[in-house]
Amino acid sequence: MQCIFDKQINRRNTGSLKWDVADHELPMWVADMDFETAPEIMEAIKKRAEHGVYGYTVLTEEWYDAYQSWWQERHSFTIQKEWLLFCTGVIPAISSIIRKMTTVGENIVVMTPVYNNFFHSILNNGRNVLESRLRYEGGAYSIDFDDLEAKLADPQTSMLILCNPHNPIGKIWDRETLKRIGELCIRHHVLVLADEIHCDLAKPGCSYTPFASISEACRDNSITCIAPTKTFNLAGIQTAAVFAADPVLRHKVNQGLNTDEAAEPNAFAAVAPVAAFTKGGAWLDELNAYVWENRTYAEQFIEAEIEGVHAVKGEATYLLWIDCRETVGDFAGLCGFIRKSSGLYVSDGCAYRSAEGFLRMNLACPKALVEDGLWRLKKSIAAYKAQKISNFHNPS
C-alpha cells in the first residue's frame, strides 16, 4: 500500500490553502496531508455524491457507533452515545466553548509553544492568554508544574486548553502527567478543554491516553474535541465532534454550538467519519508507518547534513519541530529567508509562542518531497549563516 503514499498529486490550482503558492515553492507548513484519503472514504463520498440530492442532513446511528467503536478499539476508552455532539470543526468548537464556558476578561491557560489558532480563539473572544511555558532541556519538552499551578491558581483563570498530542512539539502526554494536570485543574476550579485531534497520528507502537480516561473526576471536569480530519486528511469536509460526560457541561456546549450555528452536518460530513472509523484502520496503520519513515529520514538527514540544526524527538503528529537556535544571528526573518532563498515554505516557531529560532515542517507528503524540502532547508540554512557572518564582518 505504500505506493499510494509515494504518489505525487498535483494540488496546484485546486483552491488549496497549502498549495496556493508560487510555482517554484514547496509548501510544507499547514497541517494538511498531500495524500489521497483512504479509498473506502472516497468510495463513500462518491456514493453519497451520486445520489444527487444534498439536502439538510441529520446524524445516523452509524455516526455515533463509528466514533464509539473507534475509541473503544483504538484507545480503550468508552464514549457514551449521549456524550457526543457534532460540530463543523475543532477550532469552531473551541471558539464556541470559550464563549459559552468563560466570560470576557478571564484567563485561559495554554502551555507554549502550542497550536497558534488557540491564541486567535482566545483573543478574538476578549479573553486573556496566560502562557505556561514548557521546559526545553536536552532536546526534550516537559511541563513546569510550579509555573502551571501558579497560572491555574489565579482567581481570574477559568480554563486550560490542553493539546494532546501536543502540536507543534509532537509529544504525547503520559498518564501520570495528565493525572497531575487534572488534579491541579480540579483543585483550582479550572475547566479542561482538550484538543485531541492528532490522537491517531502516532509512531507505530505508541498510543495516546485520552484525558477523560484518567479518572471520573478528570472526565467530568473536561470537554474533549476529536475528529477524523487530521487523521484521514478530511479538513475540507468540515466534520468533527465534541464529547462531554457531565450533563451540565454538555448542555452548555450543545447550546453554544447551536447558537453559533456550528452544529449542523453537511451531506458529506455525516458520511465521511463513518467510512473512516469503520473501514480506514488498515490505511491509517500504513500511513503512520510511512510518515514515521519520513520522520526518521528527516531526523537523520538534519543530524548529518545541517550543522547546528536539530530535530526535536516526538511520538505523534506528522509535524517535525526543528531547533535552529545554533544558527548564526538573532533568527529574525529566518523563516522568510528560507522561503525567499529556496522556495521552502515552513512555519515560523514564533507563531506558537515561546519558540524563537524553531521551525515546523510538515512531513505528510511523498518521500521525494521530503527529500526535496530537506535539501532546500540545508541550502537556506547555509546561505543564512553566510549572510549573517558577512554582515558581522562587514557592518554597514
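A: Let's start with the rings: there are 27 aromatic pairs in the structure. Rings of Phe, Tyr and Trp (its six-membered ring) pair when their centres lie within 6.5 Å, with planes under 30 degrees apart called stacked, over 60 edge-to-face and the rest tilted. Take Phe5 and Tyr290, a tilted pair with 5.5 Å between centres and 40 degrees between planes. Phe5 belongs to helix H1 (residues 2–6) and Tyr290 to helix H12, so this pair ties together parts 285 residues apart in sequence. Helices (H or I, at least four residues) and strands (E, at least two) are DSSP runs, numbered from the N terminus.

A quick word on ground rules. This is a predicted model, where local features need pLDDT of at least 70 and side-chain atom pairs count only at pLDDT 80 or more, while totals for chains, interfaces and linings use all residues. Residues are numbered from 1 along each chain as its sequence is written, and side-chain values use heavy atoms, leaving out hydrogens and water.

S14 pairs with S15 (residues 358–362) in the antiparallel sense over two bridges, and Ser347 has Arg360 in S15 as its bridge partner. Touching here means contact, that is, heavy atoms within 4.5 Å. Axes are lines fitted to C-alpha atoms, for helices over the stretch in contact, and angles run from 0 to 180 degrees between N-to-C directions.

There's another open sheet, with seven strands in the order S2-S10-S9-S8-S7-S3-S4 and mixed pairing. S2 (84–87) and S4 (128–133) are its edge strands, pairing on one side only. On average, neighbouring strands in this sheet are turned by 25 degrees against each other, ignoring direction. Helix H10 (residues 247–259) lies across S2, S8, S9 and S10, at about 15 degrees to S2. Helix H3 (residues 61–75) lies across S2, S9 and S10 (240–243), at about 115 degrees to S2.

Next, a helix pair: H6 (residues 145–153) packs against H7 (residues 175–187) at about 25 degrees, with axes 9 Å apart. That makes H6 roughly parallel to H7; angles under 35 degrees count as roughly parallel, over 145 as roughly antiparallel, 65 to 115 as roughly perpendicular and the rest as oblique. Phe145, Leu148, Glu149 and Leu152 of H6 meet a set in H7 that includes Ile181, Leu184 and Cys185.

Finally, the loops. Between S7 (157–163) and H7 sits Pro168, joined to Asn167 by a cis peptide bond with omega about 20 degrees. His189, in the loop between H7 and S8 (191–195), has a positive phi near 60 degrees without being a glycine.

Note on methods. Pairing = 2+ DSSP bridges.
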